[in-house]
Amino acid sequence: MKLFEHFHSFKLTTKFVLSVSAMLLISMTVTSIYMTQGQAESYRRELLTKGETMIHILSVNAESGVIFESKYELKELLSVLNNFSDFKYANVTNNKGIILTSLGEWDERDVEKSSRINSHDFRHANCHQYYIELNNGEEFIELNTPVISRKEKRSRETLGMTGSNKSSGSKEYTTEVIGSIKLILSQKSVNEAIAASRRGSIFTAIIVLVLSILVLIALIRVITKPVGMLVEVTDKVSRGDLTQEVNISQKDEIGHLAKTFNRMIKSLRQSRDEIEEYNRNLEDKIVERTIALKEAQSHLIQSEKMGAIGQLAAGVAHELNNPLGGILGYAQFTLEKMRKESAEEDKNNNIEGYIRYISYIETQVKRCKAIVQNLLRFSRSSSTDEVGKVDPNKTVKDTITFVEHQLRMNKIAVKTDLTPEMPEIQANEGQIQQVLTNLIINAMHASSHGSEIAIATSYSPPVGEFKGTVEFKVSDKGHGISPETMKKIFEPFFTTKEVGKGTGLGLSLSYGIITNHGGEINVDSTVGEGTTFTVILPIQRDLVSDDNTAGKIFSS
């Protein structure tokens with residue numbers, strides 16, 4: 001496994017050379033072994049054939065010498081074997097196994113191994129052949145063949161003159177083994193030829209392998225050089241440099257790959273330029289759409305605010321009607337008194353009453369002025385950028401001024417719990433009033449006659465990096481909000497009110513206003529028990545962009 005891991009870490013040229021060299025080495029080794037074994041078998045068969053021929057000639061010519069046990073004749077017969085370099089030993093024995101004559105030296109006690117040679121290529125079936133190995137490692141071939149005497153078969157019918165006239169083709173013969181010949185041939189020359197053949201095969205294989213590797217390296221360099229150029233340019237392109245090109249003029253597949261790669265780089269360069277141009281245009285379009293979205297949101301907030309003003313108009317008119325009636329009555333009464341009596345008497349006798357009447361008129365006029373100013377400030381279109389110092393408690397009181405008549409008409413009491421000495425916050429007072437108005441009206445719609453709405457303020461002072469917050473809580477004892485509805489209450493146009501009583505934008509716009517102020521709206525509701533909305537605003541406001549996600553919705 002480690003070998004393969006190291007192999008994967010090699011360069012492409014090294015991988016090619018090692019892989020092809022290994023395949024060449026294995027294939028040439030197998031081929032050399034096969035050819036050497038075939039050649040060795042050929043040498044051995046040649047020696048066996050030569051030995052078989054010699055021993056057959058000897059067995060034919062040794063018939064008379066064996067019959068007459070003529071050692072001289074047999075000695076002369078075996079002496080021809082000295083002319084063969086592979087000859088080691090030969091003897092001739094009679095049918096009783098007695099050696100009649102021998103040539104050469106041989107000791108059967110030196111034989112270490114002996115194995116019968118079985119081959120279908122032998123021309124003489126009576127010739128037995130063996131491979132012999134001596135104690136000193138020398139190898140020999142032993143051939144044994146019988147000496148056969150052939151005699152004409154004669155009978156009484158064939159005796160006489162008529163018998164001699166028979167044709168030779170019709171004569172009958174009998175054969176008899178009268179002895180045997182052993183011939184031992186040395187395999188030294190064969191083994192030397194086999195060894196020389198092996199050395200030649202190995203040398204040839206090495207030469208071919210070296211030449212093949214050299215040719216392979218040259219060929220691989222032709223292939224890997226352009227591949228290396230491609231890799232180098234690819235690395236630069238991967239780092240974002242699209243000005244590179246591959247300079248390969250080959251007309252083969254690699255050249256085609258280089259041209260395709262250059263076209264790809266050109267296409268990428270064009271695409272990058274188009275994307276950059278599109279991004280520049282996109283930024284301008286985002287700015288335009290953001291401005292348009294701000295304007296649309298401002299119009300939407302203003303339209304919702306005007307809708308709330310429409311709902312408050314009757315109550316405000318009623319609130320203004322009472323002080324204006326009193327102002328009119330006291331003014332008319334004072335005017336009538338002043339006409340009936342002289343100026344001197346009036347000055348001396350009724351001055352205290354006039355002062356009281358005029359003081360009441362001043363008080364009622366200031367009240368009307370405050371109502372109208374709050375109404376104008378609430379209805380005025382403004383953005384979150386128009387921020388100033390806002391008194392949380394005063395904002396709550398001014399908001400209650402708008403809605404107290406509607407609350408009385410629905411027989412709903414308002415209970416306030418305003419923390420004294422509240423710190424001022426940086427906010428848009430009109431938009432904070434709009435949020436509180438929307439929450440109070442929603443609480444009124446969710447409450448039944450005779451119930452109560454609680455409005456409270458509190459604050460958390462700054463500690464360390466925490467800059468402090470102010471909280472507004474609007475609680476009702478209405479029907480509550482189900483968990484399924486809780487997930488949708490801040491979605492635009494979602495409403496649970498009857499048709500004509502709501503647009504579904506109040507809570508959505510309230511959420512947007514508080515978010516843009518860097519605050520949060522928390523909702524805590526239990527079905528059948530009531531709902532509490534908590535508005536949390538920072539004391540020191542950080543200016544946030546429209547896409548800021550600082551505001552969050554927490555529901556429990």
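Biologist: Why are Asp398 and Lys394 separated by about one helical turn?
Modeller: In this predicted model, both belong to helix α10 and stand four residues apart, so about one helical turn lies between them.

Biologist: What do the side chains of Asp398 and Lys394 form?
Modeller: They form a salt bridge, with a distance of 2.9 Å from N to O.

Biologist: Is Asp398 buried or exposed? And what about Lys394?
Modeller: Asp398 has a relative accessible area of 9%, so it is buried. Lys394 has a relative accessible area of 40% and is therefore partly exposed.

Biologist: How many salt bridges does the count come to?
Modeller: The count is seven. One of them joins Glu232 and Lys236, at 3.9 Å from N to O. These two are four residues apart in helix α6, which covers residues 188-238, so they too are separated by about one helical turn.

Biologist: How accessible are Glu232 and Lys236?
Modeller: Glu232 is at 46% relative accessibility and counts as partly exposed. Lys236, at 28%, also counts as partly exposed.

Biologist: Which residue forms a salt bridge with Glu108?
Modeller: The partner is Lys182, and the closest N and O atoms are 3.0 Å apart.

Biologist: Where does Asn91 lie, and is it buried or exposed?
Modeller: Asn91 is part of strand β1, residues 87-94. Its relative accessibility is 6%, so it counts as buried. Its side chain makes a polar contact of 3.1 Å with the side chain of Tyr89.

Biologist: Let us turn to the core. How many residues has the largest nonpolar core?
Modeller: That core has 36 residues, and Ile453, Ile489 and Phe533 are those with the most contacts inside it. The elements giving two or more residues to this core include the helices α10 (392-409), α11 (429-446) and α13 (506-516), and strands such as β10 (452-460) and β13 (530-538). The element that gives the most is α11, with eight residues.

Biologist: What is Ile453 in contact with, leaving aside its neighbours within four places in sequence?
Modeller: Its contacts are Leu407, Ile412, Ala413, Val414, Lys415, Ile440, Ala443, Met444, Ser447, Val474 and Ser475. Apart from this core lies another, of 28 residues, among them Ile55, Leu58, Phe87 and Leu100.

Biologist: What caps the N-terminal end of α11?
Modeller: Asn428 does: one of its side-chain oxygens lies 3.2 Å from the backbone nitrogen of Gly430.

Biologist: Another region, then. Where is Gln39 placed, and how far is its C-alpha atom from that of Ile194?
Modeller: Gln39 is in helix α2, residues 12-61. The two C-alpha atoms are 7.2 Å apart, although 155 residues separate Gln39 and Ile194 along the chain. Gln39 is partly exposed, with a relative accessible area of 32%.

Biologist: Finally, the whole chain. How many helices and strands does it have?
Modeller: It has 13 helices and 14 strands. Of its 556 residues, 34% are buried. Among contacts with a separation of 6 or more, 70% are between residues 24 or more positions apart. The accessible surface comes to about 34,900 Å², and carbon and sulfur atoms account for 56% of that area.

Methods: Residues are numbered from 1 along each chain as its sequence is written. This is a predicted model: local features need pLDDT of at least 70, side-chain atom pairs count only at pLDDT 80 or more; totals for chains, interfaces and linings use all residues. Side-chain values use heavy atoms; hydrogens and water are left out. Buried means under 20% relative accessible area, exposed over 50%, partly exposed in between (1.4 Å probe, protein chains only). A polar contact is a pair of N or O atoms within 3.5 Å; within protein, one must be able to donate a hydrogen and the other to accept it, and residues adjacent in sequence count only if both atoms are side-chain atoms. A nonpolar core is a set of buried Ala, Val, Leu, Ile, Met, Phe, Trp, Tyr and Cys residues joined through side-chain atoms within 4.5 Å. Contact means heavy atoms within 4.5 Å. Accessible areas come from the Shrake-Rupley method with a 1.4 Å probe; for residues, only the protein chains shown count as cover. A salt bridge is a side-chain nitrogen of Lys or Arg within 4 Å of a carboxyl oxygen of Asp or Glu.
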